[in-house]
Amino acid sequence: SGTEAKTPSTSNFTRTDRRQFNTDYNPEASIFVGGLKERMAEATVRDVFGRFGEIKAVEVARECVYVEFREPQAAADSIAAGLIALGQVEVRAEKRR
């Protein structure tokens, strides 16, 4: 009948928008990894970065990934590790901005 309420699709939200709805998001426990030559599988990201601590969330983009750990120390340890082999490239974890 055309009068039904339309709910917004979550696919229209940007990464920042999704974070603001995640009330327990911890930027101190989050890292950014860029410079990837190809899209990474989430399982690969979890395998590689899981050695630093329990992973709460992974977001895979075209040439980068974002990882949120349960504990801030895991993020700090992954940043301190220096070069990390991820797929066919060596990458550095950085603090997520």
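In strand β3, Glu 68 is the bridge partner of Ala 57, where strands (E, at least two residues) are DSSP runs numbered from the N terminus. This is a predicted model, in which local features need pLDDT of at least 70 and side-chain atom pairs count only at pLDDT 80 or more, while totals for chains, interfaces and linings use all residues. Residues are numbered from 1 along each chain as its sequence is written, and side-chain values use heavy atoms, with hydrogens and water left out.

**Strand pairing**
- Strand β2 (residues 55–60) pairs with β3 in the antiparallel sense over five bridges, and two strands pair if DSSP finds at least two bridges between them.
- A hairpin of four residues joins β2 to β3.

**Aromatic pairs**
- The structure holds two aromatic pairs, a term for rings of Phe, Tyr and Trp (its six-membered ring) whose centres lie within 6.5 Å, with planes under 30 degrees apart counted as stacked, over 60 as edge-to-face and the rest as tilted.
- One of them is the tilted pair of Phe 32 and Tyr 66, with 5.5 Å centre to centre and 50° between the planes.
- Because Phe 32 lies in strand β1 (residues 30–33) and Tyr 66 in strand β3 (residues 65–69), this pair ties together parts that are 34 residues apart in sequence.
- The rings of Phe 49 and Phe 52 have centres 6.2 Å apart and planes at 40°, so this pair is tilted.

**Accessibility**
- Phe 32, at 23% relative accessibility, counts as partly exposed, whereas Tyr 66, at 11%, counts as buried (buried means under 20% relative accessible area, exposed over 50% and partly exposed in between, with a 1.4 Å probe and protein chains only).
- Both Phe 49 and Phe 52 are buried.
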